[in-house]
Amino acid sequence: MRQLIITTSNRLHFLMRRVAVFAVCLMFVTVVVQIIARYVFASPPVWTEDVARYAMVWTGLLGATLSFKTRSDAVLMHSVFPQPPHFLATFAKAVESAAVLIFILPVVYFCFIGLRGGFAKGYLARQSGLTADTLGIPMVWISISVPIAMIIILLHLAARWAGDEPAEVPASQLD
């Protein structure tokens, strides 16, 4: 079971890295199109700003999953507490996990369930009734990035507890 969790986490990390790179490229291309259309043709398409904004949202949230997996997120505990097998290292890991869970579990819950209960009033259900003005697509396609990113971070957290260790960074990349 431990290996299944770690393998799933690694494969999702690989896939999300590709999706995040695609989102960055999409954001770049749409901004370039908008700049060229505005300053060369004096007529920018209305959809470019929204596509760039939504690609940025996806990039940011997927980037959070990537940094959490590689442990390149801002974490004070790794520099303050001793390394395993010291009991304080386990305590630091538990505190870090508790902080992640305290933040992520309510976000995931309210993505699907409303304040008074029921799926019809959850964040995603409310977003499915809205449409992006310039693109004409349901806003849920943009909003779904929130629970996807949070659930992936939960899986990466489970992989940490299952024994997933961060990859060593070569010394040549530290300079």
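Predicted model: local features only at pLDDT ≥ 70, side-chain atom pairs only at ≥ 80, totals over all residues.
Residues are numbered from 1 along each chain as its sequence is written. Local features need pLDDT of at least 70, side-chain atom pairs count only at pLDDT 80 or more, totals for chains, interfaces and linings use all residues, and side-chain values use heavy atoms, with hydrogens and water left out.

Two packed helices are described by the angle between their axes and the distance between the axes. Take helix 1 (residues 2-39) and helix 2 (residues 47-70): their axes come within 8 Å and cross at roughly 150°. Helices here are DSSP runs (H or I, at least four residues), numbered from the N terminus, and axes are lines fitted to C-alpha atoms over the stretch in contact, with angles from 0 to 180 degrees between N-to-C directions. Helix 1 and helix 2 are therefore roughly antiparallel (over 145 degrees). Their crossing is left-handed, with the near helix turned anticlockwise from the far one by less than a right angle. By class, 17 nonpolar, nine polar and three charged residues make up this contact.

Helix 4 (residues 87-112) and helix 7 (residues 145-161) have axes that come within 9 Å and cross at roughly 150°. This pair is therefore roughly antiparallel too, and its crossing is left-handed. The contact has 18 nonpolar, one polar and three charged residues.

Back in helix 1 sits serine 9. Serine 9 counts as buried because its relative accessibility is 0% (buried means under 20% relative accessible area, with a 1.4 Å probe and protein chains only). Leaving aside residues up to four places away in sequence, serine 9 touches Lys69, Leu155, His156, Ala159 and Asp164 (heavy atoms within 4.5 Å).

Notes
Helix = DSSP H or I, 4+ residues; strand = E, 2+ residues; numbered from the N terminus. Parallel < 35°, antiparallel > 145°, perpendicular 65-115°, else oblique. Nonpolar A, V, L, I, M, F, W, Y, C, P; charged D, E, K, R; others polar. Buried < 20%, exposed > 50% of the residue type's maximum accessible area, 1.4 Å probe, protein only.
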